[in-house]
Amino acid sequence: MSRSARSLMIIAASWGLALAPGSLLAQRPTNIHVVTDSVTAGVYLLGVTSDQGPVLAQVTVFSTGAGALLIDTHAGQAAPLLQATLDGLGLPPITTAINTHWHPDHNNGNAAWRAKGVTVVAHENTRALLAHPQVATGLTGPGTEFRAPAVAPEGLPDLTFSDSLSLYVGEEMVRVFHPGPSHTGGDAVVWIPSRGVLHLGDLYWPGSFPSIDTHNGGTAVGLAHAIGEILKWLPEDATVLSGHGPSTDKKALELYHDMITETVDGVLEMSQAGKTDAQIVEGLDSDWSTWASPLVPTAQWVKLIRASQQK
Ligand SMILES: [Zn+2]
């Protein structure tokens, strides 16, 4: 299967599976294996997949030869498979893992990696959210409610930051920063200057309306602002990665940013003009229906924008 076809499959199958903790066990997928995409020198996307399709969020690896780092940790059950894949690639041991945010498909493997001596880094709000039970609605599809229990101490990040921090993998710097309220209230964005690689976690859903956790600090207005700020300094030839989508470029991110700002403005204008929700959805669908997905159909995107505007 071509890389782009497989990537689309990852996006499609991540919908609905994206957040169920322990779904590797709960859904009993068979023939679980890891599919590796080489993005650029030393940067790999590891997708855990099964006969039923991809399982949870993908894991990104950055290796310099002198050391290696993970972005997101998947589920604990996948750690041996991921380790075998890393060994097969001939990479040095992982020393650090970054959690892009609190949703379990991005950090359920923390305890397994910490047990190997890996330091897990996250924004301070993410650690605080993980340490207590959480509820979020609409994250696994319109009308769904998602409940996450408190994470045990061994699965919590053991290094946090508030604004930004710099890590070194060998001699190469990795910049981790908080973009402000966007997908959640505790996102971490990763920039690897030496490779021109930006990882936006779940701020970025290539080609789709975004999922936003408005119950836990996320806002559509904040997301638009965060990506606009990043686009100001992002080099033209940057590679742009995310938690669930294929490797893309700055052009694709600009299109996504245009979509968010224009739909946010459009919904605000239509609300002020006294349109009903149904009229607003219809108005948006006339121009933006190709961005609708099973996870975030147009009506859900309107709901997320309105929730952001009410804050
Ligand atoms: Zn998420």
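Select strands E4 and E5 (residues 68-71). They pair in the antiparallel sense over 4 bridges. This is a predicted model. Now pick Thr60: its bridge partner in E5 is Ile71. Follow the chain through the turn. E4 and E5 form a hairpin, with 4 residues between them. Stop at Gly65 in that turn, which has a positive phi of about 95°.

Stay on E4 and look across to strand E2 (residues 43-50). E2 and E4 are also antiparallel, joined over 4 bridges. Select Tyr44; its bridge partner in E4 is Val61.

Next, colour E4 (residues 59-63) by burial. The strand is mostly covered, with 5 of its 5 residues buried. In a regular strand, side chains alternate between the two faces of the sheet. Which residues of E4 lie on each side? Val59, Val61 and Ser63 sit on one side, Thr60 and Phe62 on the other, and all are buried.

Move to the open sheet of 6 strands. Trace the order E11-E12-E13-E14-E15-E16; the pairing is mixed. Which strands stand at the edges? Strand E11 (164-169) and strand E16 (248-249) do, each with a single partner strand, so one side of each has no neighbour in the sheet.

Inside this sheet, select E12 (residues 172-177) and E13 (residues 189-192). The two run antiparallel and are joined by 3 bridges. Show Arg175: Trp191 in E13 stands opposite.

Now go to Pro153. You will find Pro153 in the loop between strand E9 (145-148) and strand E10 (159-161). Is Pro153 buried or exposed? Pro153 has 10 other C-beta atoms within 10 Å, and the cut-off for exposed is 12 or fewer, so Pro153 is exposed. The C-alpha atoms of Pro153 and Gln310 are separated by 35 Å, and the two residues are 157 apart along the chain.

Zoom out to the whole protein. Its secondary structure comes to 9 helices and 16 strands. The radius of gyration is 18 Å, close to the 19 Å that the globule rule gives for 311 residues, so the protein is as compact as a globular protein of that length. The C-alpha trace spans about 60 × 40 × 40 Å along its principal axes. Of the 311 residues, 50% count as buried. Among contacts between residues at least 6 apart in sequence, 66% join residues at least 24 apart.

Finish by colouring on confidence. The average pLDDT is 90, and 91% of the residues score at least 70. Then select residues 1-25. There the pLDDT is below 50, and the stretch has 53 contacts in the model beyond near neighbours in sequence.

Notes
Residues are numbered from 1 along each chain as its sequence is written. This is a predicted model: local features need pLDDT of at least 70, side-chain atom pairs count only at pLDDT 80 or more; totals for chains, interfaces and linings use all residues. A residue is buried if 20 or more other C-beta atoms lie within 10 Å of its own, exposed if 12 or fewer, and partly exposed in between; C-beta atoms are placed from the backbone. Two strands pair if DSSP finds at least two bridges between them. The radius of gyration is taken over C-alpha atoms; the globule rule is 2.2 Å times the number of residues to the power 0.38. Two residues are in contact if their C-beta atoms, placed from the backbone, lie within 7 Å. pLDDT is the predictor's confidence in each residue, from 0 to 100.
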